[in-house]
Amino acid sequence: GAIVVRAPIDRVRSVVSDPVLVSRIDNSGTVVQLLDSKGRCTSIRATVTHTIASIAYDAEVCPVDSGWRTRLVKSDDLQAFESVWRVRPAVNGHTMVEYEVRTIPDFAVPQFVVDRQTRSSVDRLLKKLQVHLEDG
């Protein structure tokens, strides 16, 4: 998903680079704990309470070109997980924010259901992020 926010890029970067803050803004049942920092990367533990299933995983958040990538380190609930935030300047001092997520669970649920739910969750998060950045 993508959205343009009326906020300077430095403010957007400071928010989306903080997985704990993003989970608080989202307020959708995901709790993120910081575990450790190694160089430019941060290890996290995320616990997601969801209607499909509760999921826990450890991941590493690292800076990448124009943003941050979260990659799965270990989980009993997921085969794969990766998310990428990208931020770039937009017109009039605004900022383009893109967020992509790919989740493959390690339990029996059709992938199209996971993908549909993920798209919906990403759209809701981007709208909440926009409100936080513009009104908060």
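Reader: What makes the residues around the largest pocket count as its lining, and which lie nearest its centre?

Author: The largest pocket is lined by 36 residues, with Thr30, Val48, Tyr57, Phe81 and Tyr99 nearest its centre. On a 1 Å grid over the protein atoms alone, a pocket is an open set of points with protein on both sides within 12 Å along at least five of seven lines, and lining residues have an atom within 4 Å of a point. This is a predicted model, in which local features need pLDDT of at least 70 and side-chain atom pairs count only at pLDDT 80 or more, while totals for chains, interfaces and linings use all residues. Residues are numbered from 1 along each chain as its sequence is written, and side-chain values use heavy atoms, with hydrogens and water left out.

Reader: Which element gives the most to the lining of the largest pocket?

Author: Helix α3 does, with seven residues.

Reader: Why are α2 and α3 called roughly perpendicular to each other?

Author: Helix α2 (residues 19-26) and helix α3 (residues 111-135) pack at an angle of about 100 degrees, with their axes 9 Å apart. Angles of 65 to 115 degrees count as roughly perpendicular, and α2 and α3 are therefore described in that way. Their contact (heavy atoms within 4.5 Å) is made by Val22, Ile25 and Asp26 of α2 together with Leu125, Lys128, Leu129 and His132 of α3.

Reader: What makes Arg69 and Glu82 a salt bridge?

Author: The term requires a side-chain nitrogen of Lys or Arg within 4 Å of a carboxyl oxygen of Asp or Glu, and the closest N and O atoms of Arg69 and Glu82 are 3.7 Å apart, forming a salt bridge. Arg69 lies in strand β5 (residues 67-74) and Glu82 in strand β6, so the pair ties together parts that are 13 residues apart in sequence. By this rule the count comes to nine salt bridges.

Key: Axes are lines fitted to C-alpha atoms, for helices over the stretch in contact, and angles run from 0 to 180 degrees between N-to-C directions. Helices (H or I, at least four residues) and strands (E, at least two) are DSSP runs, numbered from the N terminus. Angles under 35 degrees count as roughly parallel, over 145 as roughly antiparallel, 65 to 115 as roughly perpendicular and the rest as oblique. On a 1 Å grid over the protein atoms alone, a cavity is a set of points where a 1.4 Å probe fits but cannot get out, and a pocket is an open set with protein on both sides within 12 Å along at least five of seven lines; lining residues have an atom within 4 Å of a point.
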